[in-house]
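Biologist: Please put the model on screen. I would like to go through a few helices and loops with you.

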Amino acid sequence: MTTVTDVAPATSAKHRSEVATSLPPARGQSFLKLVAIELRKSVNTRSGRVLIAAILLIAVAALAWQLTHLPSGPVGFDFFLGAAITGVMMLLPVIGVMTMTSEWTQRTALTTFTLSPRRVRVQLAKFASAIVLSAVVLSAVVVLTLAATAVTGAATDHTTTYAGLGGQLAGAYLTVALNVVMGAAFGAVVPQTAVAILIYFIAPTAWSLAGPALFKDNAKWLDVFGALGRIAERDLHGMAAETLTAVGVWIVLPTIVGLWASSRREVK
């Protein structure tokens, strides 16, 4: 004879089984969602906000200096952009470094990679978010530069020109993107923010100084500053092979090594 207590557990188990099979399969986070999350991480920290504010303040200071030291004759957009973008080029790659090292220095890697176990996908989202954020900051600098050029034409007797605006912006955005990827690559290889930033600034500079003395003309094959300069000018000066080699060694190779190392690094 079957009792009520015997039937209840069987019915309950059957009900749970039916509910479990009726639920839709769990879906992973989309790549765009991961990029959005990484963007939010970059701007939600004090260090990230301070860095972005510092970049914009440096650009404003450079533009103010140019406004008070106008040359004789027509003043072009490139006159202001060249000054404003100098500090931007130096500091924007730090965004890439901090984006890649944040999980390890802030000890959030366990949480991040538990929610998103596919590490390479997360790291690629970090690269993408760093590029997007740097493009947004650069766009703000470009707006400030356009405003400074317009103020010069309206408040002074100088003639302003915007000749070659499209080419200058294309070169600036491409160069910034490559610099940020390079910074992110170093951050992926070395998961300590301070050390990665130090290596990013010292290693290419040391080569640009020591390379010509040691290898003469052959040093240009690994001169990343020269390569990025030619890319910014949209003119390779017949040095396409040297430019691609320098970009490959300093940007592509560290990116590959960084992704490989991040996918195998112990999470604590």
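What follows is a short exchange about this predicted model.

Biologist: How far apart are the end C-alpha atoms of helix H4, and why does that agree with its 29 residues?

Modeller: Helix H4 covers residues 77–105. At 1.5 Å a residue, its 29 residues should span 42 Å. The model agrees with that, because the end C-alpha atoms are 40 Å apart.

Biologist: At which residue in H4 does the kink lie?

Modeller: Look shortly before the proline Pro93. The kink there is about 35°, and it lies at Met89.

Biologist: Is Lys216 buried or exposed?

Modeller: Lys216 sits in the loop between helix H8 (193–215) and helix H9 (224–232). Its phi is positive, about 55°, although Lys216 is not a glycine. The relative accessible area of Lys216 is 61% and the cut-off is over 50%, so Lys216 is exposed.

Biologist: Which loop holds Arg234, and what is its relative accessible area?

Modeller: Arg234 lies between H9 and helix H10 (240–264). Phi of Arg234 is also positive, near 55°. Arg234 counts as partly exposed, because its relative accessible area is 49%.

Biologist: How far apart in space are Trp260 and Ala188, C-alpha to C-alpha?

Modeller: Trp260 belongs to helix H10. Trp260 is exposed, at 52% relative accessibility. In sequence, Trp260 and Ala188 are 72 residues apart. In space, their C-alpha to C-alpha distance is 9.0 Å.

Note on methods: Residues are numbered from 1 along each chain as its sequence is written. This is a predicted model: local features need pLDDT of at least 70, side-chain atom pairs count only at pLDDT 80 or more; totals for chains, interfaces and linings use all residues. Side-chain values use heavy atoms; hydrogens and water are left out. Helices (H or I, at least four residues) and strands (E, at least two) are DSSP runs, numbered from the N terminus. The expected span of a helix is 1.5 Å times one less than its number of residues. The bend at a residue is the angle between axes fitted to the seven residues ending there and the seven starting there. Buried means under 20% relative accessible area, exposed over 50%, partly exposed in between (1.4 Å probe, protein chains only).
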